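Hi everyone, thanks for coming. Have a look at the structure on the screen, and I'll walk you through a few spots in it.

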Amino acid sequence: MTSSSTETRETQATSAEQYLTAGAARVRAFLEHALNDADAAQSPEAWPIEVQGPLLQALCGAFHLSDFERDIVLLCAAAELDPAMPALCMACHDDQRLRRPTFRLAVQVLPEAHWSALLPDAPLRRWKLIDVGAGEGLVTSPLRLEESVLHFLMGASSLDERLRNLTEAVEPPDALPESYRQHAEALLSAWNGQPRTVPQLQGNATRGKRALAAAVCAGLGLELHVMRASVLPGAAAEREALARIWDRDGILGRRALLLQLENGSPAEWAAASDLADRIEGPLVVTGSGPLDLDRRKTVRITVNRPGTDEQRALWQCVLGEHATKLNGELDTVVAQFDLDVETLERAGSRVRETVDQEGSNLFPLIWEACRSEARPALEGRAHRIQARAFWPDLVLPQASLEMLHTIVSHVRQQGRVFERWGFAAQSSRGRGLAALFSGPSGTGKTLAAEVLANELCLDLYHIDLSQVVSKFIGETEKNLCAIFDSAEDSGAILLFDEADALFGKRSEVKDSHDRYANIEVSYLLQRMEAYRGLAILTTNMRAALDTAFLRRIRFIVNFPFPDFALRRGIWDRMFPPQTPTSGLDLEKLARLNLSGGNIRNVALNAAFLAAEEDCPVRMDHLLKSARRECSKLEKQLSGSEIGGWA
């Protein structure tokens with residue numbers, strides 16, 4: 001903020017305080033006049049409107065206050081600002097307990113008094129301009145000016161504390177995609193209509209909808225605040241109070257409200273519909289659920305993430321002069337990360353700050369910023385695996401390794417092939433970059449996923465099927481939808497472990513449960529085809545998978561139980577260089593008929609045995625550890641496996 005704008009705000013605040021102080025002095029004069037029982041000729045004069053101040057006039061105009069109601073507001077403001085008011089109130093009430101103004105006092109001392117100002121639907125109480133405290137009766141209860149109203153009259157806009165705990169302000173974006181222009185016009189048209197229509201923004205641009213609404217609000221001189229579905233009160237009376245408080249502060253601070261209801265429950269959508277019906281100011285709802293309004297109309301506007309060309313243009317706008325340092329590398333970024341407007345701007349801001357401070361290489365900063373900004377959306381829905389494995393850690397048949405390298409090539413080159421070489425326009429089907437890792441437990445499927453994540457510099461998320469599959473109809477699809485929607489921004493690798501539990505063969509329909517189970521599988525197949533990132537599915541039972549599902553898998557990588565040569569390679573890589581060893585015979589160790597996961601357990605347990613004895617890892621430690629591991633597997637060690645060890 002410039003020094004001139006700061007000085008202007010300070011001048012305006014000083015002027016507002018002077019006007020309010022003068023108004024408070026005027027109502028105090030009425031109390032003093034009544035207390036002294038002076039004759040009518042000495043009563044304070046009428047208050048010319050030109051000396052009331054623009055903020056008080058704006059308050060009266062916005063809420064249609066009468067002169068009496070205006071003076072009640074000033075009386076309550078005087079109680080906050082004038083240290084002489086408590087004594088005056090007690091004296092006028094002739095009651096030491098009543099240190100604040102009451103309705104009875106206002107009616108007795110203020111001109112043009114009318115009892116209708118006390119009604120619940122009258123402006124003072126309907127719009128929560130004053131708070132009626134606890135007392136023996138309505139007319140003798142203490143009155144307090146709501147804090148945000150007082151701040152407004154003092155020239156400082158603030159939000160009610162109850163709203164601050166429920167909402168967050170959204171900054172307007174620096175730029176919007178050209179395709180959003182028609183969305184902005186539709187939103188404006190909805191707000192300008194009579195009666196005012198509630199725009200419902202649907203589509204996959206979760207944060208892009210917020211950015212669109214914030215941009216439209218900025219053009220109207222409004223500040224956008226977001227309220228999430230999870231904080232909506234359950235009781236109708238609480239929602240009515242919330243609506244009135246919001247409308248009051250929305251008018252005072254020129255604010256609009258966005259109800260964010262993506263993935264909201266039916267109860268949350270019902271509460272949102274009721275709240276939307278009660279709010280009178282500019283309102284927008286995001287999400288594709290059923291918004292059922294009685295008093296207002298709804299218009300649906302579909303807002304999707306911008307296309308690759310628009311994302312590239314947004315990056316150039318956000319990065320400014322730094323964008324000239326990128327030699328075609330933005331194509332790689334927009335091919336991997338499908339960001340909406342708000343997320344892209346935050347990532348760009350982070351890049352600019354880092355470049356200005358450190359002068360680092362731009363492309364790695366952009367890549368890491370995209371990962372970091374998109375990460376929170378998935379954190380609560382899946383477990384992020386810290387990938388530590390690299391190509392040398394994998395011991396697989398050559399064909400399997402070549403298939404993994406092919407997967408890497410497809411992920412890296414999808415932008416060139418689909419966009420620049422035109423394959424995206426050739427078919428309406430999605431990119432569907434999914435891979436199936438098939439093989440027994442412990443053969444390196446998760447390890448291979450870590451290798452791919454490290455090679456591609458992408459996050460790896462393990463999907464917990466116990467949190468996805470639900471016995472309630474429709475809940476599984478809802479959970480899958482939330483995962484895939486959250487993953488779109490991040491470009492993350494999704495790892496569905498033991499996928500046969502979720503992606504099994506679609507059964508013959510014999511009852512309603514079979515029908516809904518088949519719907520879940522069909523929905524999953526559809527989302528996999530549309531997902532731009534890499535989805536890795538692991539299974540121990542490939543035969544259990546639906547054939548229609550297999551047709552949509554681009555890669556199938558086999559992870560066989562390791563033979564002697566592979567087991568020797570695994571043992572050769574098993575002990576870190578800093579681990580002390582003595583007399584290890586890899587040929588004998590490779591005769592143990594175990595998978596890679598079990599071999600790791602044997603090696604790790606042997607290391608603990610050696611550490612306890614304070615000696616290097618020896619063959620006798622490994623033999624003892626192997627016996628324990630096989631006992632756990634209910635497997636007998638044969639003579640051919642351990643012959644010659646003793």
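So, which residues does I366 touch, if we don't count residues up to four places away in sequence? The list is W315, L319, L326, L330, V333 and V351. Touching, or contact, here means heavy atoms within 4.5 Å.

Quick housekeeping before I go on. This is a predicted model, where local features need pLDDT of at least 70 and side-chain atom pairs count only at pLDDT 80 or more, while totals for chains, interfaces and linings use all residues. Residues are numbered from 1 along each chain as its sequence is written, and side-chain values use heavy atoms, with hydrogens and water left out.

Okay, back to I366. Along with W315, I407 and F437, I366 has the most contacts inside the largest nonpolar core, which has 73 residues. A nonpolar core is a set of buried Ala, Val, Leu, Ile, Met, Phe, Trp, Tyr and Cys residues joined through side-chain atoms within 4.5 Å. Buried means under 20% relative accessible area, exposed means over 50%, and partly exposed is in between, using a 1.4 Å probe and protein chains only. Helix α16, residues 362-374, gives this core its largest share, 8 residues. Helices (H or I, at least four residues) and strands (E, at least two) are DSSP runs, numbered from the N terminus. There's another core apart from that one, with 41 residues, including V27, F63, M85 and V149.

Next, a pair of helices. Two packed helices are described by the angle between their axes and the distance between the axes. Take α14, residues 329-336, and α18, residues 398-420: they pack at about 95 degrees, and their axes are 8 Å apart. The axes are lines fitted to C-alpha atoms, for helices over the stretch in contact, and angles run from 0 to 180 degrees between N-to-C directions. So α14 and α18 are roughly perpendicular to each other. For the cut-offs, under 35 degrees is roughly parallel, over 145 roughly antiparallel, 65 to 115 roughly perpendicular, and the rest oblique. On the α14 side the contact is made by D331, A335 and Q336, and on the α18 side by V411, Q414, G415 and R420.

Now the salt bridges. How many does a search of the whole structure find? It finds 44. A salt bridge is a side-chain nitrogen of Lys or Arg within 4 Å of a carboxyl oxygen of Asp or Glu.

Start with D71 and R70, whose side chains meet at 3.2 Å, N to O. D71 is buried, at 1% relative accessible area, and R70 is buried too, at 5%.

Then there's E223 with R255, where the closest N and O atoms are 3.6 Å apart. E223 sits in strand β5 (residues 223-228) and R255 in strand β6 (residues 255-260), so this pair ties together parts 32 residues apart in sequence. E223 is partly exposed at 38%, while R255 counts as buried at 6%.

Last pair: R568 and E587, with closest N and O atoms 2.6 Å apart. R568 is in helix α25 (residues 564-574) and E587 in helix α26 (residues 586-590), so here the linked parts are 19 residues apart in sequence. R568 is partly exposed at 31%, and E587 is partly exposed at 38%.

And one network to finish: salt bridges that share partners join R126, R239, E240, R244, D247, D274, R278 and E280.
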